[in-house]
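Reader: I have a sequence and a model open and would like to learn how to read them. Could we go through the features one by one?

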Amino acid sequence: MEKVTNNLSELIRKYDVPVPRYTSYPTVPTWDTERFSAPKWVHAVEKVFDETNVTKGISLYIHLPFCESLCTYCACNVRITKNHNVEERYLHAIIAEWELYRYIFGSVPVIRELHIGGGTPTFFSPENLRKLLTGILKNNFIHPEHEFSFEGHPNNTTREHLEVFYNAGFRRVSYGVQDLDIQVQKAINRIQPFENLERVVKISREIGFQSIGFDLIYGLPYQTEQSIMNTFQQVITLRPDRIAFYSYAHVPWVRPGQRGYEDANLPNDITKRALYNSGKKILNDSGYHDIGMDHFALKHDTLYHAAQRGKLHRNFMGYTTAQAELLIGLGASAISDAKYAYAQNARKVEDYESQVSQNKLAVFKGHLQTDEDLDIRNCILNIACGRDVNKNQLLKLDHGNLLQALETMKEENIIELSDEGLKVTESGKAFIRNICYAFDRRAALQQSDKNIFSKGI
């Protein structure tokens, strides 16, 4: 295991503070409803669509929020129910919302990227998912380099689910693993035997999926270095093409389900980083390469190729190989990005369905980008995706707090500063979220009496 040095321990204690994950800039908590309106959002969508649809295509994200039980680690917008009668009405609203956007576009969209997440997308029956995909994909152009992906739950993903997605053009699937230790699984209310994971991976490969990803989490209650190592030793026997190894976001004041265990059951900051290092070492020794924040991939995977070519991109779906500048989010709480503006849909399923049934977009808050916002966003994207910022980009941002923070990070060997610009050091990889935070001019607006972000390390 990679040991934590005394100096690194001090830096971890210093920087293990609440900071955003920066899937956007500015981040969602700073968006508002007063200066934002649906007409302004529509204008931004029209502008970016006209500029980029033919050349780059667009990205689609569909949020399916339903789950049969609550996993307490989860920070997603979910609706817990065992009533599957909710499926058809919700999917009807998704297709109706998409038709509203197609009308706004005014011409046929080129779909470059499609991701279906949740919640639990495989909560829905294969037949209803087939209806959804047919409704979304009909009468569109599909980009020749498209990537369609979905999130599957190993406990309930069936061969029929996988065949529906595959037949619709999906070639990538991501399975939520989180942890394979039974004590940890009981604490987070996600009992998931390794045999179920092994089963769905085997079926996925038999059907023809080309990229299989696993999501794992470190910092969960009762995790130890040994339990993490046991989990990864099992995981690598299945040889997933890519792995996301996320830091657990402990925000019980936001997610009451996380009050089911005490802070004392969670690893402290130094131990938590040791958990990450233990998992990372096994991954590196097994041929996985470090990609951006928290992501690892084998050399043949498209995520690795994108990183090597400097084509990695980051949006609300995480890291992606697509460079589309228009992302449309469909469904309750879904977030959209039109480069010059962001928008978020109503969070409650009933509110979302009601708005769409009235032929209205369900957006309720968002943000219109300033020129400075766009400059900062570009810097943050470059740090998160390529771990560097060129000198010209830095010169656009001259506020004193940034320069002071960067000088301090340089002295701490977190970054290098030169005539070419900023470069994240090897030891600085652990602090990428903190480096991004230094650029965040709106950081003061993102804090409240109770921190809304998880800790950075």
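Reader: Which strands form a hairpin with three residues between them?

Author: The model is a predicted one. In it, β14 and β15 make a hairpin, and three residues separate the two strands. Lysine 339 sits in the turn and has a positive phi of about 65°. Strand β14 covers residues 335–337, runs antiparallel to β15 and is joined to it by three bridges. Aspartate 337 has tyrosine 342 in β15 as its bridge partner.

Reader: Which way do the side chains of β15 point?

Author: In a regular strand, side chains alternate between the two faces of the sheet. In β15, Ala341, Ala343 and Asn345 point one way, while Tyr342 and Gln344 point the other way. Residues on both sides are buried. Five of the five residues of β15 (residues 341–345) are buried, so the strand is largely enclosed by the rest of the structure.

Reader: Is strand β8 mostly covered or mostly open, and how many of its residues are buried?

Author: Strand β8, residues 242–247, is mostly covered, with five of its six residues buried. Its partner β7 (residues 211–218) runs parallel to it, and six bridges join the two.

Reader: Now helices. At what angle do α4 and α5 pack?

Author: Two packed helices are described by the angle between their axes and the distance between the axes. Helix α4 (residues 126–137) packs against helix α5 (residues 159–167) at an angle of about 10°, and the axes are 9 Å apart. Angles under 35 degrees count as roughly parallel, which means that α4 is roughly parallel to α5. On the α4 side the contact is made by Pro126, Leu129, Arg130 and Leu133, and on the α5 side by Glu160, His161, Val164 and Phe165. These residues divide into five nonpolar, one polar and two charged.

Reader: How do α3 and α4 cross?

Author: Helix α3 (residues 86–105) and α4 cross at roughly 10°, with axes that come within 10 Å. The two are therefore roughly parallel to each other. From α3 the contact includes Leu91, Ile94, Ile95 and Trp98, and from α4 it includes Leu132 and Ile136. Glu87, Glu88 and Glu99 of α3 and Lys131 of α4 are also in this contact. By class, the contact of α3 with α4 holds six nonpolar, two polar and four charged residues.

Reader: How many disulfides does a search of the whole structure find?

Author: A disulfide is a covalent bond between the sulfur atoms of two cysteines. The search finds zero. For cysteine 67, the closest cysteine sulfur is that of cysteine 74, 6.5 Å away, which is too far for a bond. Cysteine 379 is in no disulfide either, as the nearest cysteine sulfur, in cysteine 436, is 9.8 Å away. Both cysteines are buried: cysteine 67 has a relative accessible area of 10%, and cysteine 379 has 0%.

Reader: What does tyrosine 276 touch?

Author: Leaving aside residues up to four places away in sequence, tyrosine 276 touches Tyr218, Phe245 and Phe296. Tyrosine 276 belongs to helix α9 (residues 269–285). Its relative accessibility is 5%; under 20% counts as buried, so tyrosine 276 is buried. The C-alpha atoms of tyrosine 276 and isoleucine 217 are separated by 8.9 Å, although the two residues are 59 apart along the chain.

Reader: Last, the backbone. Where is a peptide bond cis?

Author: The bond from tyrosine 25 to proline 26 is cis, with omega near -5°. Proline 26 is in the loop between α1 (6–15) and α2 (38–56). A cis peptide bond also joins glycine 118 and glycine 119, with omega about 20°. Glycine 119 is in the loop between β4 (110–118) and α4.

Reader: And is serine 333 buried or exposed?

Author: Serine 333 is buried, at a relative accessible area of 8%. Its phi is positive, about 70°, although serine 333 is not a glycine. The residue lies in the loop between β13 (327–330) and β14. Tyrosine 222 likewise has a positive phi, near 70°, but at 33% relative accessibility tyrosine 222 counts as partly exposed.

Note on methods
Residues are numbered from 1 along each chain as its sequence is written. This is a predicted model: local features need pLDDT of at least 70, side-chain atom pairs count only at pLDDT 80 or more; totals for chains, interfaces and linings use all residues. Side-chain values use heavy atoms; hydrogens and water are left out. Axes are lines fitted to C-alpha atoms, for helices over the stretch in contact, and angles run from 0 to 180 degrees between N-to-C directions. Helices (H or I, at least four residues) and strands (E, at least two) are DSSP runs, numbered from the N terminus. Angles under 35 degrees count as roughly parallel, over 145 as roughly antiparallel, 65 to 115 as roughly perpendicular and the rest as oblique. Contact means heavy atoms within 4.5 Å. Ala, Val, Leu, Ile, Met, Phe, Trp, Tyr, Cys and Pro count as nonpolar, Asp, Glu, Lys and Arg as charged, and the others, Gly among them, as polar. A disulfide is a pair of cysteine sulfur atoms within 2.5 Å. Buried means under 20% relative accessible area, exposed over 50%, partly exposed in between (1.4 Å probe, protein chains only). Two strands pair if DSSP finds at least two bridges between them.
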